[in-house]
Amino acid sequence: AVGLLLGGIRQQRDNAALWTALGQAYAAADEDNVSPAARFAFARAMRLWPDHPGPPFFAGLTYIRAGEFTTARALWARSLVRTTPGSRVREQVAERLMLLDQLLAMDGR
């Protein structure tokens, strides 16, 4: 997957969706650890698409899989701010953020 995505990025350097997918692919290849390469790919996606909720949401999901819930929470909060008020996507991100907040609260006990 990483190789295919890198090929796509060579042709479309400014495609934030490809950079986001590359971050996920790097993490999956590294047994759900968020490697420096994965962090770089997500950061690039967020720079290319600064107002879109997708890159921070999927970066957050990757951090959830890595067990880094505090980092994931910050990314999902960033994603929520970028969603359209009243949209289904906003509801879904808000719900996941609420569940993550509950998990963090339980973990803090």
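Reply: Let's start with charged pairs. Side chains of opposite charge can pair when their charged atoms come close. In this predicted model, Glu91 and Arg88 form a salt bridge, with their closest N and O atoms 3.4 Å apart.

Me: Where do Glu91 and Arg88 sit relative to each other in helix 6?

Reply: They are three residues apart in helix 6, so about one helical turn separates them. Arg88 is exposed, with a relative accessible area of 55%, while Glu91 is partly exposed at 45%.

Me: How many salt bridges does a search of the whole structure find?

Reply: The search finds three. Another one joins Asp101 and Arg73, whose closest N and O atoms are 2.6 Å apart. This pair links distant parts of the chain: Asp101 belongs to helix 6 (residues 88–107) and Arg73 to helix 5 (residues 69–81), 28 residues apart. Asp101 is partly exposed at 27% relative accessibility, and Arg73 is partly exposed at 28%.

Me: And which residue meets Arg44 in a salt bridge?

Reply: That is Asp14, at 3.3 Å from N to O. Asp14 lies in the loop between helix 1 and helix 2, and Arg44 in helix 3 (residues 36–48), so the pair ties together parts that are 30 residues apart in sequence. As for accessibility, Asp14 is exposed at 58%, whereas Arg44 is partly exposed at 21%.

Me: Let me try the loop next. Which backbone nitrogens lie 3.0 Å from a polar atom of the Asn15 side chain?

Reply: First find Asn15 in the loop between helix 1 (2–11) and helix 2 (16–29). A polar atom of its side chain lies 3.0 Å from the backbone nitrogen of Ala17. The backbone nitrogen of Leu18 also lies 3.0 Å from a polar atom of the Asn15 side chain.

Me: Now for burial. Which residues in helix 1 are buried?

Reply: Here "buried" means under 20% relative accessible area and "exposed" means over 50%. In helix 1, the buried residues are Val2, Leu5 and Ile9. Look down the helix axis: the buried residues fall within an arc of 65°, so they line one face of helix 1.

Me: What is on the other side of helix 1, and what covers its buried residues?

Reply: On the other side, Gly3, Leu4, Arg10 and Gln11 are exposed. The cover over the buried residues of helix 1 includes helix 2.

Methods:
Residues numbered from 1 in each chain as written. Predicted model: local features only at pLDDT ≥ 70, side-chain atom pairs only at ≥ 80, totals over all residues. Heavy atoms only, no water. Helix = DSSP H or I, 4+ residues; strand = E, 2+ residues; numbered from the N terminus. Polar contact = N/O pair within 3.5 Å; in protein donor to acceptor, adjacent residues only side chain to side chain. Buried < 20%, exposed > 50% of the residue type's maximum accessible area, 1.4 Å probe, protein only. Arc of directions from axis to C-beta. Contact = heavy atoms within 4.5 Å. Salt bridge = Lys/Arg side-chain N within 4 Å of Asp/Glu carboxyl O.
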